[in-house]
Amino acid sequence: MKPLSLHDMLPTSVSKQSMRRIIMLILIMFMCAVDVSPHTLRHSHFQNRAAALRQEALAAVPPSSYNPENVFLTTSPRWLNQTLDHFSPQESVRFPQRFFEFLDYFDAPNGPIFLIIWGESTCYGILNDYIAVLAKRFGAALVSLEHRYYGFSSPFQDLKIENLKYLNSKQALSDLAAFRNHYQALINTRYKRSSNVDNLWFTFGGSYAGALSAWFRLKFPHLAHGSLASSAPIHALEDYYEYDEQVAKSVGPECANALRELKDLVGYHMKTDAKYMKSFFGAKSIEDDNDFLSLLADSTAAAVQYGFQDVLCKPLVRSYSKKKDILATYRDFVNHTIFFEFGIQPMDYNREKMRNSTQMDSNSGSRQWTYQYCTEFGFFQTAPNRNSIRFTELNMKYYLDLCSYIFGKGTIPKTSETNLYYGGDNIAGTKIIFTNGSQDPWRHASKTNSTNNELAILIECQNCAHCVDLNGCPQFPFNPQGDGELCHPRYSIQKARETIETIMESWIINH
């Protein structure tokens with residue numbers, strides 16, 4: 001599918017001020033480098049669409065208006081000839097995998113190397129976020145590897161079911177191990193060092209890539225000296241009703257009540273005239289009624305996961321308290337924030353499109369990420385039994401039926417196997433820092449209690465959402481170096497970062 005151009009999204013006449021605002025709003029979406037969006041089954045689409053739009057937006061404005069170097073440290077790709085199947089001794093098939101490097105801060109040749117793990121979307125380069133701040137402090141080289149099957153690093157030209165069998169976290173971790181050794185050899189050659197010399201390697205990642213960061217240190221402790229796992233869902237589970245419970249808690253009681261009223265209104269209209277309700281939200285292209293409800297549930301979830309509670313709740317609570325039409329208020333939020341600013345379209349929730357989306361597209365990761373969730377992780381965001389703000393139709397049956405419809409009968413996530421292999425939230429690694437925002441719905445699948453060998457930091461503040469330690473509180477456009485100005489109190493994120501830096505310094509000094 002050809003991505004929409006910026007001009008496809010804009011009115012015919014756009015003022016400089018409007019263009020500037022649109023660009024900044026687009027940049028909001030590029031928060032967590034390996035981010036993850038609210039819906040387990042359309043997770044990476046938010047990120048891919050936003051990244052593509054951001055690229056076009058930056059290209060559309062003169063450098064005097066916005067400096068792309070503030071967003072990326074580098075966008076120049078390099079390539080690795082990667083093994084397709086790391087678990088077959090006779091495997092000889094390889095595919096090109098893209099990576100990036102940034103050496104301006106590198107205390108060559110002996111400084112540490114920071115491996116930024118990319119997740120379920122296209123990797124456009126190395127972001128100028130908080131990891132860059134750490135690299136500058138510790139004199140580190142920055143490298144990042146694009147995840148197999150995403151962006152420009154796909155082994156196949158299409159995404160047929162039979163071609164997806166090499167897409168899983170185990171293969172991705174082995175990719176990282178192979179890349180780590182490849183790049184270490186490259187550094188040794190570049191600086192004319194012995195082939196058996198090793199720099200200190202540290203891994204970083206957020207969300208799914210945060211889990212990969214923790215798992216890499218767990219499975220390859222000889223290849224990484226430590227890891228930071230931001231908002232990392234390391235505990236696979238199918239029935240993830242805690243997600244919705246956290247959304248309700250994060251928005252506060254007034255907004256939660258308004259959302260429950262909204263849910264009941266939508267439910268009533270869906271029973272009386274579902275066609276009208278879809279048309280009301282501009283979503284006639286969604287054939288299945290529950291897929292439409294999934295779109296609305298994701299719209300609410302996105303606001304909370306990315307720290308936009310105020311954008312959602314302030315007008316909704318105002319309408320609710322004054323007994324105005326909250327359906328119209330919510331529709332305005334969906335149209336403006338989800339469809340326009342986030343770049344999501346109703347057609348993205350049409351299961352037929354997902355089922356038949358076999359052609360590889362560098363700007364789309366929806367089918368790939370759906371496959372990973374449906375086979376490895378689950379995380380089905382179901383409605384809790386009590387006080388749910390999510391539609392009750394979004395239950396385990398809905399998600400399992402959707403997985404089977406897209407990938408074949410009997411497709412289920414093997415969460416028990418995943419947790420057995422990695423340890424779930426009882427992961428027994430060393431030198432792993434887990435960080436989570438107190439208002440992030442994903443934190444209940446992460447590690448929030450410290451052990452002797454693993455430090456868990458819960459950053460408690462208003463707007464502390466997904467990957468807050470890397471990006472700051474994301475109720476503002478991308479801010480270079482992850483400024484946490486809008487975290488309240490700001491001291492919470494400062495304290496967390498001071499702890500991270502102190503621990504990393506001790507790892508480097510005492511290696």
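In this predicted model, the charged end of Lys170 sits over the ring of Tyr421, 4.3 Å from the ring centre. The criterion requires NZ of Lys or CZ of Arg within 6 Å of the ring centre and within 35 degrees of the ring normal. Arg355 meets it too, lying over the face of Tyr405 at 4.2 Å from the ring centre. The model is predicted, so local features need pLDDT of at least 70, side-chain atom pairs count only at pLDDT 80 or more, and totals for chains, interfaces and linings use all residues. Residues are numbered from 1 along each chain as its sequence is written, and side-chain values use heavy atoms, with hydrogens and water left out.

Aromatic pairs were assigned to rings of Phe, Tyr and Trp (its six-membered ring) with centres within 6.5 Å; planes under 30 degrees apart count as stacked, over 60 as edge-to-face and the rest as tilted. The count comes to 36 aromatic pairs. Tyr240 and Tyr243 are edge-to-face, because their ring centres lie 6.0 Å apart and their planes stand at 70°. Tyr240 is buried, at 0% relative accessibility. Tyr243 is buried, also at 0%. Here buried means under 20% relative accessible area, exposed over 50%, and partly exposed in between (1.4 Å probe, protein chains only). Tyr373 and Phe379 make another edge-to-face pair, 5.6 Å centre to centre with 70° between the planes. Both of these residues, Tyr373 and Phe379, are buried. Ring pairs join a cluster whose members include Tyr208, Trp215, Tyr240, Tyr243, Tyr373, Phe379 and Tyr421.

The protein chain has 17 helices and twelve strands. These are DSSP runs numbered from the N terminus (helices H or I, at least four residues; strands E, at least two). Of its 511 residues, 62% count as buried. Contacts are heavy atoms within 4.5 Å. Residues 24 or more positions apart account for 74% of the contacts with a separation of 6 or more.

Confidence was taken from pLDDT, the predictor's score for each residue, from 0 to 100. The mean for the protein chain is 87, and 85% of its residues reach 70 or more. Residues 1-38 stay under 50, and the model has 110 contacts for them beyond four places in sequence. Residues 41-47 are also below 50, with 46 contacts beyond near neighbours in sequence. Where pLDDT is low, the predicted coordinates should not be read in detail.

Two individual sites follow. Ser357 lies in the loop between α12 (351-356) and α13 (366-377). Ser357 is partly exposed, with a relative accessible area of 25%. Beyond four places in sequence, Ser357 contacts Leu159 and Arg367. The C-alpha atoms of Ser357 and Arg367 are 7.0 Å apart, across ten residues of sequence. Arg98 belongs to strand β3 (residues 94-102) and is buried at 8% relative accessibility. Among the residues that Arg98 touches beyond four places in sequence are Trp79, Cys123, Glu146 and Phe152.

The peptide bond between Ala108 and Pro109 is cis, with omega about -5°. Pro109 sits in the loop between β3 and β4 (113-117). The bond from His488 to Pro489 is cis as well, with omega near 0°. Pro489 falls between α16 (468-471) and α17 (491-509), in a loop. Tyr149, a residue other than glycine, has a positive phi near 75°. Tyr149 is buried at 0% relative accessibility. Asn463 likewise has phi near 75°, and is buried at 3%.
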